[in-house]
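Here is a short briefing for a first look. Please open the sequence and the model before reading on.

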Amino acid sequence: GRGLPVVSCVRVRGIGRAPLDAAVYSAEIEAAGVRRLIDVVGLGRETLLGRNVLNDWTITLRGPEKVMEISGQG
């Protein structure tokens, strides 16, 4: 487990992959100076944030520099 409480389960499907059931966890995040309790989906070793969370921020990725900047209301 991830050490986070499981709140539900969802069926997810990636491009060219069969659907599978994944746990939904409750997690606290902090970004752009704002703390928030959100649901995240666990897929293997990855944890995914949904667009319902990401749409609240402006996120700029500068890949060559390995920098991610986050601003907005959260």
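The notes below cover the sheet, the core and some single residues.

This is a predicted model: local features need pLDDT of at least 70, side-chain atom pairs count only at pLDDT 80 or more, and totals for chains, interfaces and linings use all residues. Residues are numbered from 1 along each chain as its sequence is written, and side-chain values use heavy atoms, with hydrogens and water left out.

**The sheet**

- Four strands form an open sheet in the order S1-S2-S3-S4, with antiparallel pairing.
- Strands are DSSP runs (E, at least two residues), numbered from the N terminus.
- Two strands pair if DSSP finds at least two bridges between them.
- Strand S1 (6-12) and strand S4 (46-48) are the edge strands, and each pairs on one side only.
- From one strand to the next, the twist averages 45°. Axes are lines fitted to C-alpha atoms, and angles run from 0 to 180 degrees between N-to-C directions.

**Strand partners**

- S1 and strand S2 (residues 20-31) run antiparallel and are joined by six bridges.
- Ser 8 has Val 24 in S2 as its bridge partner. Val 10 has Ala 22 in S2.
- S2 and S3 also run antiparallel, with eight bridges between them.
- Ile 29 stands opposite Arg 36 in S3.
- S2 and S3 form a hairpin with two residues between them. In the turn, Ala 32 has a positive phi of about 55°.

**The core**

- The largest nonpolar core has seven residues: Tyr 25, Ala 27, Ala 31, Ile 38, Val 40, Val 53 and Trp 57.
- S2 and strand S3 (34-43) are the elements that give two or more residues to this core. S2 gives the largest share, three residues.
- A nonpolar core is a set of buried Ala, Val, Leu, Ile, Met, Phe, Trp, Tyr and Cys residues joined through side-chain atoms within 4.5 Å.
- Buried means under 20% relative accessible area, exposed over 50%, and partly exposed in between (1.4 Å probe, protein chains only).
- Leaving aside neighbours within four places in sequence, Ile 38 is in contact (heavy atoms within 4.5 Å) with Tyr 25, Ser 26, Ala 27, Ile 29, Leu 49 and Val 53.

**Charge and ring**

- The charged end of Arg 36 sits over the ring of Trp 57, 5.8 Å from its centre.
- That term requires NZ of Lys or CZ of Arg within 6 Å of the ring centre and within 35 degrees of the ring normal.

**A loop residue**

- Lys 66 lies in the loop between strand S5 (57-62) and strand S6 (67-72).
- Lys 66 has a positive phi of about 55°, although it is not a glycine.
- Lys 66 is exposed, with a relative accessible area of 78%.
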